[in-house]
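Hi everyone, thanks for coming.

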Amino acid sequence: MHESSINMAGSLRLRPAGQVMQLERLGSLHASRLSFVRTLVRQMARQRWQVSCTRFDLDAQGHGTAVYRLQTPYGRYHGVIFAQPLEDSARSDRVIAEAWDVTFGVVEGELNEDLLAQMAANVPLQEAGRQDPRVLVLSRANKSLRNFASFVDALAEGRQPDPAWLTKVGYLYRTTAVYGNGKFGIADYARLQDSPDFRRPFSVQMFAVYLLRHFSIEQVEHIARSRAPESAVAMHPTLRRYLGIGNSTGLGMAPFLINHPQLIQQWILSRESALAMALEQVPTEAERWRLIELTRRAMQHLAQTVTEDKPQQERNLETVASLPEVLTWLETVPLDTDLWQQLTAWAERTLQLETQELINTLLLELYPAVVEPFEDQMSADERVELTPDMPLVRLKQLIDTHYDWTLDHDFTTREGCYWFWYRSIEKEEPRLGVRHQEPGAEKEMPLAIAPRVQRAHDAICAFLSDHPRALVVEFLMEQPRYKEIVRRIQTMAETAYGEIRANLWHRDMKPMHLLRAKLSFFGASRFDPKSDRWVRMTLFQGAPLVEELNAEPVDLVDFDDWSFSLEPAAIDTHLPKAGETPE
Amino acid sequence: MKVSHNELQGLCRKVFEGMGFEEGDAADAADMVAWMQSYRLGGLEALNRGLDYLLSADTPLPPGVLYQDGDLAVLDGHGQSVLRSSSLAIELGFAKARARGLAVVKIRHCHNRQLIMGYLSRLAGRGMNVTAFWRNAHAPLTEQVVCFRSNSTVPEIRVYAVQEVPEENEPNDAITLVLANHIGLMPAMRSDYQYDLIAKHSESDLMACRKQTLAEGIDVNDAVWARLKQLSARILVEATEASRGGAGAGTTDND
């Protein structure tokens with residue numbers, strides 16, 4: 001029987017933070033069954049969520065308004081999507097864009113005409129509009145023009161689009177921002193904290209993206225049908241499944257990871273605890289073969305992952321090249337009780353980081369009963385408070401013990417303080433500048449934690465030499481500038497995994513690792529870095545469809561088994577007309 | 001217009017950072033304003049009243065300790081807004097109360113006193129009973145009492161005018177705080193002195209207010225909001241061609 005009590009986390013053999021929180025390792029994580037898209041799909045199936053279309057007013061070009069209703073056992077929501085014409089010159093994935101192919105929002109409760117009119121006037125403006133507090137998510141997306149055109153052409157001509165298009169770029173639309181938590185007047189996250197439907201972090205944002213995926217299928221079929229009513233066909237369900245939603249993400253995602261250390265602690269602790277529990281399971285022969293099957297699937301998925309980014313391409317190739325060795329290992333070693341521990345120890349010794357973390361991700365797949373309780377451990381009460389009565393010498397000890405990694409860096413060299421992070425006047429877009437070369441360093445965002453801790457440590461040591469019995473508050477009364485970093489240290493010293501152990505100023509620092517770490521928790525696949533600071537990836541590729549969800553699936557294990565999606569084999573072209581559901 | 005709590009807090013934080021507040025002070029001050037506004041206690045109005053004063057202030061001095069022993073502390077707020085000067089003075093009281101069970105802290109010469117409530121709320125959330133008291137010397141003589149039970153971040157508030165003004169009525173710009181681990185000090189309006197109750201906010205009224213602002217958004221004055229937006233731009237860096245490259249993607253994505 002599997003041990004599934006999450007209370008065991010205290011006695012588990014967790015990996016040390018010095019290993020887990022290295023930036024490069026975090027930048028090697030893969031989506032797992034604890035990723036938010038996976039969790040959402042399981043929740044939707046378990047609770048029998050139903051999605052229906054209540055308005056589909058699109059013209060022949062697919063422009064207009066669509067409204068979808070979500071009914072859960074606890075509440076009703078509406079997804080409202082506005083599709084509009086867009087000049088090619090205005091199509092940009094950057095946050096500085098001002099118009100998009102589609103804009104959309106998810107509303108809590110009923111949608112009356114007044115609210116719809118308010119949304120129609122404001123949602124397409126995105127950041128420039130004022131949104132209603134009933135709106136829970138605000139987002140926008142741009143077309144993948146090549147995919148969109150080829151899909152419309154194929155469906156209109158009565159044939160199925162080539163699945164290879166979706167292997168290259170796995171979507172028709174990619175989102176460029178998915179806003180929650182009070183942005184531009186929408187509902188605060190506090191509204192959702194007690195929601196039985198969307199209390200988990202980012203779950204309502206992920207639902208909005210899932211809905212857009214459904215719309216993208218219905219819209220492309222509608223355009224094909226409008227163009228050629230006689231010949232158009234619906235998209236084959238296998239192909240629909242293989243269609244995800246893209247996302248284009250830049251540096252804007254990086255500050256979140258630094259500014260929410262308690263949340264990051266929960267995400268990583270949950271994953272690490274689940275992994276430690278999985279490693280302790282005594283494998284059966286069936287589980288061994290399940291892992292072999294999953295490894296083969298992941299290998300094929302990665303072999304099919306297309307990116308022009310050379311470093312990512314090399315890592316993918318290296319992983320694919322090393323997985324046959326993993327398969328041989330799995331097929332030949334005796335079924336010892338500590339097989340999984342042997343496997344990860346061997347992987348750590350011999351394989352690159354991405355392959356190590358892939359194996360960890362696959363091990364999590366084996367034990368749903370062990371892993372899934374951690375779904376509810378991903379939130380945090382994010383209060384960072386001072387402990388003013390702590391002896392200052394104790395604070396110094398906390399730094400020496402928990403933040404020792406900050407004390408070794410030299411922040412005075414050109415390399416050691418090369419980058420600075422700032423917000424641009426252009427829509428407050430976070431950017432990186434070169435210190436001593438580009439303007440704006442005096443307005444730097446304090447994202448680099450390590451130099452701040454080191455400076456505080458120096459100041460504390462100096463103060464202690466004159467006041468060895470001082471309290472923290474006495475030190476801060478003299479040197480108030482350290483208040484923020486001191487309370488962060490006091491708060492985070494009680495946790496293992498909240499701080500990313502890197503010098504974010506260093507010339508060799510790769511922001512891409514920050515982005516990937518967060519995106520892996522979202523559930524992203526097919527990482528396609530476009531530089532070291534922006535990336536495209538895919539969500540929900542392979543995920544069950546709305547119609548499968550509405551059919552109230554009985555086999556939830558099978559419903560949940562959609563990770564590492566593979567290009568479908570040749571698709572039968574004998575299909576019903578567009579608008580009809582193929583069997 | 002209506003805004004969200006997160007939006008208000010975020011904007012205020014940028015405004016304070018732009019004014020040169022230290023990072024922690026900017027975050028605390030933003031929390032204090034947003035806290036008050038979300039309970040419809042006029043946080044933004046209070047900020048707006050003190051905004052010119054804050055903007056014209058010289059380099060801030062941390063609150064100076066005039067007297068302290070194990071149980072008491074008297075501090076000089078140097079005439080600054082509580083947004084700048086109060087958090088560490090309050091934390092000093094917290095440390096003393098933790099050590100001795102009860103502490104009294106007086107912060108003299110402080111400005112914008114209403115705004116201190118938001119920080120006191122945090123202390124109460126950390127398990128401290130907190131009572132704050134201050135009075136205005138001008139006629140009519142008014143007093144305000146703000147009381148938090150330990151572990152409740154919502155206060156009871158009373159504002160009242162005292163009819164019998166003492167002869168010795170110097171200008172009073174101080175705040176007195178009483179912090180106690182295990183002693184609750186809630187308002188009790190049963191004095192023999194004559195007074196006129198000007199405002200009464202119960203915990204339950206305030207909680208209902210908060211629930212409503214969470215559901216419907218927080219009302220803010222458009223002009224004040226526009227001014228804050230303008231001030232927040234101080235933290236932003238001018239764009240150049242090089243800086244556009246510093247964010248990543250190209251500016252058209254027609255693939």
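I'll go from the overall build of chain A, to one residue, to a helix pair, and then to chain B.

Quick housekeeping: this is a predicted model, where local features need pLDDT of at least 70, side-chain atom pairs count only at pLDDT 80 or more, and totals for chains, interfaces and linings use all residues. Residues are numbered from 1 along each chain as its sequence is written, while chains are lettered from A and ligands numbered from 1 in the order in which they are written.

Okay, chain A. It has 22 helices and 11 strands; those are DSSP runs, numbered from the N terminus, with helices being H or I of at least four residues and strands E of at least two. Its radius of gyration is 25 Å, close to the 25 Å that the globule rule gives for 583 residues, so chain A is as compact as a globular protein of that length. That radius is taken over C-alpha atoms, and the rule is 2.2 Å times the number of residues to the power 0.38. Buried residues make up 50% of the chain.

So what does "buried" mean? A residue is buried if 20 or more other C-beta atoms, placed from the backbone, lie within 10 Å of its own, exposed if 12 or fewer, and partly exposed in between. Take His30(A), in the loop between helix H2 (23-26) and helix H3 (36-46) of chain A. His30(A) counts as buried because it has 25 C-beta neighbours inside 10 Å. Leaving aside neighbours within four places in sequence, its contacts are Glu357(A), Leu358(A), Thr361(A) and Ser520(A); contact means C-beta atoms, placed from the backbone, within 7 Å.

Next, a helix pair. How do H10 (residues 261-280) and H14 (residues 353-366) of chain A pack? At an angle of about 70°, with their axes 9 Å apart. The axes are lines fitted to C-alpha atoms, for helices over the stretch in contact, and angles run from 0 to 180 degrees between N-to-C directions. Residues that meet there include Ala274(A) and Leu275(A) from H10(A), and Leu363(A) and Leu364(A) from H14(A).

Finally, chain B. Here, 42 residues of chain B are in contact with 54 residues of chain A. On chain B's side, H4(B) gives the largest share, 7 residues. Helix H6 (residues 203-216) of chain B is also among the elements giving two or more residues to that side. Just after H6(B), Gly217(B) takes a positive phi of about 95°.

Conventions: Contact = placed C-beta atoms within 7 Å.
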